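Subject: Structure for your review

Dear colleague,

Please find below the structure that I am handing over to you. I would ask you to look at it first and then to read the findings that follow.

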Amino acid sequence: HERRHDMTIGTRQDFRIAPEEFFGGMVEVVEQNADAFNAASGGAIRLVPERRRGHYAAESFISRVASLVTRRDIDAVTDVADTPLAQAETVGIKINRRIGPVANTLDSLRKLGRDPGEMSFLLGRQIGKAVAVDYVDTALRAASAALAGVAALDLDVSGEADPGLAHGTLVRAMARLGDAGGRISCFVMHSKPYYDLMAQSVADKVFEVAGVTIYQGTVASFGRPTLVIDSPALVAPGTPDRYRVLGLVEDAIEVAESEERSIVSDVITGLENLVMRIQGEYAFNVRLRGFAWDVVAGGINPTDAALEQKTNWQVAAADVKSLAGVRLTVA
C-alpha cells in the first residue's frame, strides 16, 4: 500500500487505558431524530431503494389540460379544434457523500482489549445513524428551498405581533393550498416551535386541546402526524433565530438510495505501527413533488448551499396545488 505521511491517525494517546475501567461497547451517535420516512410522515417523505444511473432522475407526467371540459352546442355540427396534450417532468438530483476515512493504530485497539472487527461493527452503528440523518437534513433543505420559491405557498409570520407557532398560524399555512389544504399529510418542525405550540395548547381553554396535550404530551395538529426534527435545514440563523415549519402532502419528498453503499477497511503497513483505516461512500437522489432541479444553473452533485438556492428548483406543475406543500416561518 502507498505510504502516506499526512494522515491524522489515532494512537494510544487518544484513549485512557486503566485496568479498572470498563469499555461498554457503546459509541456516541448523532441523536437527531431520523425517523421521518414512510409511515412516520404519513407517506409525505418516502425512502425507497432504487438504483439510478447518472446524475439526474426525471419523471414525466401529463400536464393539466386547460379547458378540457367545455360547453357543447347542441345546434351545431361545425368542426372543433383538437386540444393537444403536453408533457412535463420532475427532475431529481443525485447527492454524493464520503464516509471518513477513519484511521487508528491496531495497537491502540489491542490495548482496549478489542479486535478490529468489533470496532468496525461499533463504528458501523454510528455510520448508519449518520447516513439516515444526512438523508433527512438534505431532503428538508431541498423542500424548504423549493417552497420558498413559490410565493403563494410561503407564509412568514416571524415579523408579526405574535410571531410564534400557534394553531391559528397552522390554519393560515394550510389555507395557502385553498381547497387542497386537506391533502397536507404531515407537519415537520423544529422542537422550538413544537414546544411553543404545546405551551399554547396547555393555555387553551378548550379541554379537547389542552387535555390531550397535558395527558399525552402531544399537540393538536388537525389529525396529522407531527415530525419534530432539530434539523439545521429548519433553522434560519439570526437574532433571534427563525424556524421553518413544512406542511407536506403525500409523496412530497422522495429520497432514493440510488447507488450501492460501499464501506471498506484496510490495514496500512510501512508505518511505525500497523494502522486500520475505514472509508466509505454512497449516493442518493432527492426528488420533490412538482419541482424540477435546474440542471444548468444547479449542476451536478450540488453543495448544501446550492440545494438551498430556491432558484435551482423550478416549478414543473401547472397548478401550485400540485406541489409538495407549504412552508411557514415563525420566530
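**Threonine 138 and its surroundings**

Leaving aside its neighbours within four places in sequence, threonine 138 is in contact with Ile95, Arg97, Phe284, Val286 and Leu307. With one of these residues, arginine 97, the contact includes a polar one between the two side chains, at 3.2 Å. Threonine 138 is found in helix 2. Is this residue buried or exposed? Threonine 138 counts as buried, because its relative accessibility is 0% and the cut-off for a buried residue is under 20%. Please keep in mind that the model is a predicted one.

**Isoleucine 127**

Helix 2 also holds isoleucine 127. This residue has a relative accessible area of 10% and is therefore buried. Not counting residues up to four places away in sequence, isoleucine 127 touches Ile99 and Ile263. Isoleucine 99 lies 28 residues from isoleucine 127 in sequence, while their C-alpha atoms are 7.8 Å apart in space.

In soluble globular proteins, nonpolar side chains tend to be buried together. The largest nonpolar core here has 67 residues, and those with the most contacts inside it are Ile45, Leu140, Val188, Ile253 and Trp313. Which helix gives the largest share of this core? It is helix 2 (residues 116-148), with 11 residues. Valine 188, beyond its neighbours within four places in sequence, is in contact with a set of residues that includes Ile45, Leu140, Leu227, Ile229 and Arg244. Another core lies apart from the largest one; it has six residues, among them Leu106, Leu109, Met276 and Ile278.

**Helix 4**

Helix 4 covers residues 191-203, which makes 13 residues. From its first C-alpha to its last it reaches 18 Å, close to the 18 Å expected at 1.5 Å a residue. Its buried residues are Ser191, Pro193, Tyr194, Leu197, Met198 and Ser201. They are on the same side of helix 4, because they cover an arc of only 165 degrees around the axis. As background, an α-helix has 3.6 residues a turn, so residues three or four places apart point the same way.

**The protein overall**

The protein has six helices and 14 strands. Of its 331 residues, 43% count as buried. Among the contacts with a separation of 6 or more, 82% are between residues 24 or more positions apart. The accessible surface comes to about 18,200 Å², and carbon and sulfur atoms account for 52% of it.

Yours sincerely

Technical notes. Residues are numbered from 1 along each chain as its sequence is written. This is a predicted model: local features need pLDDT of at least 70, side-chain atom pairs count only at pLDDT 80 or more; totals for chains, interfaces and linings use all residues. Side-chain values use heavy atoms; hydrogens and water are left out. Helices (H or I, at least four residues) and strands (E, at least two) are DSSP runs, numbered from the N terminus. The expected span of a helix is 1.5 Å times one less than its number of residues. Buried means under 20% relative accessible area, exposed over 50%, partly exposed in between (1.4 Å probe, protein chains only). The arc is that of the directions from the helix axis to the C-beta atoms. A nonpolar core is a set of buried Ala, Val, Leu, Ile, Met, Phe, Trp, Tyr and Cys residues joined through side-chain atoms within 4.5 Å. Contact means heavy atoms within 4.5 Å. A polar contact is a pair of N or O atoms within 3.5 Å; within protein, one must be able to donate a hydrogen and the other to accept it, and residues adjacent in sequence count only if both atoms are side-chain atoms. Accessible areas come from the Shrake-Rupley method with a 1.4 Å probe; for residues, only the protein chains shown count as cover.
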